[in-house]
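Open your viewer, show the side chains and keep the selection tool handy. Here is a short tour, one stop at a time.

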Amino acid sequence: MSEPTPERLPSPFATGLACRCPRCGEGPLFSGFLKPVSRCESCGEDLSFAAVTEGPAVFIILIVGFVIVGEAAAVEGLFHPPPFVHLLLWLPSTVILSLLLLRPLKATMVALQYHNRAGEGRLDG
């Protein structure tokens with residue numbers, strides 16, 4: 001099978017949000033909730049580089065923080081509920097939203113790394 005050029009690769013956002021292989025867009029990217037497969041079962045591409053991506057956590061913190069703080073401020077401004085209501089609303093919302101975003105954002109970051117041929121920095125020598 002010939003090596004696809006970046007122009008022929010599937011969209012990294014489409015494959016990332018679908019949690020599919022960044023090369024073929026067919027095989028699953030994860031074998032568990034967040035454990036990436038070492039090799040795509042559809043095209044055989046080595047995906048072992050995907051095991052160490054921690055970047056999605058930063059984006060999730062920013063996105064979830066923006067959404068939850070905005071909603072909490074709106075609820076406080078409109079209804080003035082007691083503090084325990086805020087705890088009942090926003091703690092579960094934060095956990096659920098974070099878990100819902102974790103998989104697709106990690107898969108999108110892996111797909112973007114593959115698409116842009118990102119790797120560890122090395123010194124020329």
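**Stop 1: a surface patch**

Select Phe33, Val95 and Leu99: together they make a nonpolar surface patch of about 280 Å². Areas come from the Shrake-Rupley method with a 1.4 Å probe, and only the protein chains shown count as cover. This is a predicted model, where local features need pLDDT of at least 70 and side-chain atom pairs pLDDT 80 or more, while totals for chains, interfaces and linings use all residues. Residues are numbered from 1 along each chain, and side-chain values use heavy atoms, without hydrogens or water.

Leu99 belongs to helix α3, residues 83-115 (helices are DSSP runs of H or I, at least four residues).

**Stop 2: the aromatic pair**

Now colour the aromatic rings; the whole structure holds one aromatic pair (centres within 6.5 Å; stacked means planes under 30 degrees apart). Phe49 and Tyr114 are stacked, with centres 6.3 Å apart and planes at 20°. Phe49 sits in the loop between α1 (12-17) and α2 (56-79) and Tyr114 in helix α3, so the pair ties together parts 65 residues apart in sequence. Is Tyr114 buried or exposed? At 12% relative accessibility, Tyr114 is buried (under 20%).

**Stop 3: helix α2**

Finally, select Pro56, Ile60, Val64, Ile68, Ala72 and Val75, which are buried residues of α2.

Technical notes: Patches are made of residues with over 30% relative accessible area and no salt bridge: like charges are joined within 9 Å, nonpolar side chains (Val, Leu, Ile, Met, Phe, Trp, Tyr) within 5 Å. A salt bridge is a side-chain nitrogen of Lys or Arg within 4 Å of a carboxyl oxygen of Asp or Glu. Helices (H or I, at least four residues) and strands (E, at least two) are DSSP runs, numbered from the N terminus. Rings of Phe, Tyr and Trp (its six-membered ring) pair if their centres lie within 6.5 Å; planes under 30 degrees apart count as stacked, over 60 as edge-to-face and the rest as tilted. Buried means under 20% relative accessible area, exposed over 50%, partly exposed in between (1.4 Å probe, protein chains only).
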